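This report describes one protein model in plain terms. Please view the sequence and the structure below before reading on.

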Amino acid sequence: MSILYGNTIPSPCSATLWSDLQLTDIFSELPNNPDLQTVYHRPLSDIENIANRQRLFQTLQDTSLLAIWTNWQSTMQEIARLEKQLTDTFYKYSQLAIKGHILWLYTHAVEALTETQSYADSSFFLQQFVTELLTYKTSQNFSNIQVLAEKWHQSCRQCQFTLHLAENTLTVNLLADEPSLKDDLNSFLAPFLDLEYTCPAREKWYDNDINHIDAAIQDKLLQLYPPLLSLLQQVDKCWTNFQPEFLHQFTIESQFYLSFLQYTQNKEALGISFTYPHFQTSRQGVGWKNGYNLALCKKGAKPVPNDFMVDEKHFIFIITGPNQGGKTCFACLIGQIFYLASLGLPVPAEHVHLFLPKHIFTHFASMEDEKAGNGKLREDLLRLAAIAKQITAYDIFIANELFSSTTLQDAYKLNHRVLDFLSKQKIFSILVTFLEKLSTYNENICSLVSTVDASKNRTFRIIPRPADGKSYVHSLAIQYHLDSDSIRQHFLTNRPQ
């Protein structure tokens, strides 16, 4: 039973979405497990399933369930290491001994995992898993494995032996057949040392560097101690498929929760806050405070936070401002928060209110495909036409610098047609552009501007404000030394004497 999905598994999103919204940079910091990557690429379309994931995350954060699941993962990693060791071990009884130890580790891990039942009420996903876990735990099949594994473990502890090397002969005897010198040693050492001699027991029947001599000793021991040979034969019989599929699935799916919680802890060390968004049906009031673009954290730096808020009138947001002022990163931030929230993950912002889109469509600049025989403009139009056939009022559209490859006049005309379509379909949209006049094209548009400070330095803050072009012009003037201070200094320096 899945702890990630309800009755159906959602379809994967497009690879273009991941690259456009910089999601690849975010999830590259998480375990590169193909099964987990599949989960990351499948946003949920049902708010109840998202809520179940959120509640499970919160339970892990607030209770000892995190330690229970972490211990399970540690044991599964040790079992995986031992299973790999099986392939490197060529001696039959060493292989069987490894299998016996794996079964013992596994049964104890299952016992510990059943403590999850104390938190089953926190999430429907957890309720389903605990029900199946307890059914398995009380089954005859698991009971047989558990009894066998415990007998094997105890027999290993009890089977103690001695080795006698005389000339070219090595003799193996059970320790019970040898006279014990323990009492004599303790009597002799008592006047000198405050300790008691304990005969060491060999509990480990396998090593990576086992050789033919070790294998011969094992063969002899099994002849001297038949119960151990019988147990190894039973281990071999019950080895096949000893772990049910639902526990294998749990091992993978629990990593989704544990790895992202570890990721958030690392980012919180930078001062970034995470919260679980509240979902609503209306667009009005959608937004957040202090949202962070997580792709910018990859180098260990804390990015500049930005707020975002939707009112009852606007649903198209046009972002303008100076180059390299954070416009594209802000558009990506909006897409990231909606996408992470659709996975049931905590998001890097405060006071988050969202609606759940059916899809997120993106159109960012791409390299021209020379093999297709199309120009850049034609490729843009073909991509937009494909989006227009699928997008609805329940989706989100995010675009960056549409029609930047054509003339200014044509770019305005084509953007007007896009805005007419988005307005008519009432599609929630984020558009980054250098065409400032687009921000006043109709009443559905809200203008957002990337700001500069009093010294004309980029602040990377995006705020609602009419696009006046001043910050863009000033930054360009400073860049090319055409601002008033630079011009005045030029004439003072170069005036004729």
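Val-449 has Ile-463 as its bridge partner in strand S12. The strands concerned, S11 (residues 445-452) and S12 (residues 458-464), run antiparallel and are joined by four bridges. Two strands count as paired if DSSP finds at least two bridges between them. S11 and S12 make a hairpin with five residues between them, and in the turn Lys-456 has a positive phi of about 70 degrees.

This is a predicted model, in which local features need pLDDT of at least 70 and side-chain atom pairs count only at pLDDT 80 or more, while totals for chains, interfaces and linings use all residues. Residues are numbered from 1 along each chain as its sequence is written, and side-chain values use heavy atoms, with hydrogens and water left out.

The protein has 17 helices and 12 strands. Helices (H or I, at least four residues) and strands (E, at least two) are DSSP runs, numbered from the N terminus. Of its 497 residues, 45% count as buried. Buried means under 20% relative accessible area, exposed means over 50%, and partly exposed lies in between (1.4 Å probe, protein chains only). Among contacts between residues at least 6 apart in sequence, 73% join residues at least 24 apart; a contact means heavy atoms within 4.5 Å.

An open sheet of mixed pairing is formed by four strands in the order S3-S7-S4-S5. Its edge strands, S3 (278-279) and S5 (306-309), each pair on one side only. Strands of a sheet pair through backbone hydrogen bonds, either parallel or antiparallel. S4 (residues 287-291) and S7 (residues 350-354) take the antiparallel sense, over two bridges. Gly-287 has His-353 in S7 as its bridge partner. Helix H13 (residues 327-342) lies across S3, S4, S5 and S7 and runs at about 115 degrees to S4. Such angles run from 0 to 180 degrees between N-to-C directions, with axes fitted as lines to C-alpha atoms, for helices over the stretch in contact.

Gln-284 is in the loop between S3 and S4. With a relative accessible area of 45%, Gln-284 is partly exposed. Leaving aside neighbours within four places in sequence, Gln-284 contacts Val-310, Asp-311 and Glu-312. Gln-284 and His-353 are 69 residues apart in sequence and 9.5 Å apart in space, C-alpha to C-alpha.

The largest nonpolar core has 102 residues, and among those with the most contacts inside it are Trp-288, Phe-308 and Phe-338. H13 gives the most to this core, with 10 residues. A nonpolar core is a set of buried Ala, Val, Leu, Ile, Met, Phe, Trp, Tyr and Cys residues joined through side-chain atoms within 4.5 Å. Beyond four places in sequence, the contacts of Phe-308 include Gly-287, Trp-288, Phe-330, Ile-334 and Leu-448. A second, separate core of 21 residues includes Ile-387, Ile-391, Phe-403 and Leu-419.

How many disulfides are there? The count is zero, where a disulfide is a pair of cysteine sulfur atoms within 2.5 Å. Cys-332 is in no disulfide, and the nearest cysteine sulfur, that of Cys-329, is 6.3 Å away.

| Residue | Relative accessibility | Class |
|---|---|---|
| Cys-13 | 19% | buried |
| Cys-332 | 1% | buried |
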